[in-house]
Amino acid sequence: MNKDGFLYKVYDLYYDGFRSMKLGRTLWAIILIKLFIIFIVLKLLFFPNFLKEHAQEGQESDFVATEMIDRAK
């Protein structure tokens, strides 16, 4: 890996910073829990699979096309 590259410098900054911290693992655990909540829990609660509920299996593209045409009128 090129040690003069930008990505290496960013990686090295975070690696050294969290390695020397006493609470580094706890902070990473908090970050991972927050990401889990944002991407998994919120998706399940607020973004249901609308096509699965309203379109027949295999006819999703027809359903979307019909809805777009009807709403454009």
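**Entry 1: burial**
I looked up how much of the protein chain is buried, and buried residues make up 4% of its 73 residues. Here buried means under 20% relative accessible area, exposed means over 50%, and partly exposed lies in between (1.4 Å probe, protein chains only). I note that this is a predicted model, where local features need pLDDT of at least 70, side-chain atom pairs count only at pLDDT 80 or more, and totals for chains, interfaces and linings use all residues. Residues are numbered from 1 along each chain as its sequence is written, and side-chain values use heavy atoms, with hydrogens and water left out.

**Entry 2: overall form**
Next I checked the radius of gyration, taken over C-alpha atoms. The protein chain has 23 Å, whereas a compact globule of 73 residues would have a value near 11 Å; that globule rule is 2.2 Å times the number of residues to the power 0.38. I also looked up the spans of the C-alpha trace along its principal axes, which are about 60 × 30 × 25 Å. For the accessible surface I found about 7200 Å², with 66% of it belonging to carbon and sulfur atoms; the areas come from the Shrake-Rupley method with a 1.4 Å probe, and for residues only the protein chains shown count as cover.

**Entry 3: helices**
I found 4 helices and 0 strands in the protein chain, in the pattern α-α-α-α along the sequence. Both kinds of element are DSSP runs numbered from the N terminus (helices: H or I, at least four residues; strands: E, at least two).

**Entry 4: two distances**
I picked Leu45, which sits in helix 2 (residues 24-46) and is exposed at 59% relative accessibility. From Leu45 to Glu60 I read 22 Å, C-alpha to C-alpha, for 15 residues in sequence. Then I turned to Gln59, in the loop between helix 3 (50-54) and helix 4, which is partly exposed at 36%.

**Entry 5: a salt bridge**
How many salt bridges does a search of the whole structure find? I got 1, counting a side-chain nitrogen of Lys or Arg within 4 Å of a carboxyl oxygen of Asp or Glu. Glu67 pairs with Arg71, and their closest N and O atoms are 3.5 Å apart. The two residues are 4 apart in helix 4 (residues 60-72), so about one helical turn separates them. Glu67 is partly exposed at 28% relative accessible area, while Arg71 is exposed at 66%.
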